[in-house]
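Work through the exercises below with the sequence and the structure at hand. Each task is followed by its solution.

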Amino acid sequence: MKKIMILAVMMVASLTASAQWSVTPKVGINLANITDAEDASMKFGLVAGADLAYRISNPFAISVGAFYSMQGAKEKEDGVTVKLNADYINIPILANFYVAPGFALKAGIQPGLNVVHKAKAEYNGNSAETDIEHFNSIDLSIPLGISYEFSDFVIDARYNLGLTKIVDISGVNSKNSVFQFTVGYKIPL
């Protein structure tokens, strides 16, 4: 029994010694749209937050983050521009697989909490803004991405594929579709 306990302690110690914790603050841009909207085009937005990563082994790490993400879409028809502003606090939970030094493939799940949902219409210099009714407060998406690390700087590109409807209206199946590009600085803990 003593030998088993010593072996277990040694295994945990070696896992802890080889594991590395880091936090990476990031800032970047979103190119967001919604599905199921025929004439909608991508909307530019900002994203900012941080990832906390745990490097389990040389090729594998897990990370969890918190990001403020400006999403939505825009549509222009008959001289009227309508912008859907849908901002979220997203929490990406990712598996990171390092296929080469500094180069990682990422996939996971991302719950999000909607904090802003407004529509703004502009016509001939005049504008009006209104809250959108029936907007779902919870969003769920699958983030897929790649990143490259060099000298503690991290460049990250992700696509967030929406799984849940953004509005609770019968016959409307609109979901988030977001390309995200960020730059960050990795701080070992």
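The model is predicted, so local features need pLDDT of at least 70 and side-chain atom pairs pLDDT 80 or more, while totals for chains, interfaces and linings use all residues. Residues are numbered from 1 along each chain as its sequence is written, and side-chain values use heavy atoms, without hydrogens and water.

**Exercise 1.** Describe the secondary structure of the protein chain and find its largest nonpolar core.

Step 1. The protein chain has one helix and eleven strands (DSSP runs: helices H or I, at least four residues; strands E, at least two; numbered from the N terminus).

Step 2. Of the 189 residues, 34% are buried (under 20% relative accessible area, 1.4 Å probe, protein chains only).

Step 3. Strand S4 (residues 80-90) supplies the largest share, three residues.

**Exercise 2.** State the volume of the largest pocket and describe its lining.

Step 1. The volume is about 260 Å³, taken as the space filled by probe spheres set on grid points joined across faces, edges and corners. A pocket is an open set of points on a 1 Å grid over the protein atoms alone, where a 1.4 Å probe fits, with protein on both sides within 12 Å along at least five of seven lines; lining residues have an atom within 4 Å of a point.

Step 2. Of the 19 lining residues, those closest to the centre are Ser22, Ala53, Tyr98, Glu149 and Lys186. S1 gives the most, five residues.

How values were computed
Nonpolar A, V, L, I, M, F, W, Y, C, P; charged D, E, K, R; others polar. Core = buried A, V, L, I, M, F, W, Y, C linked by side-chain atoms within 4.5 Å. Buried < 20%, exposed > 50% of the residue type's maximum accessible area, 1.4 Å probe, protein only.
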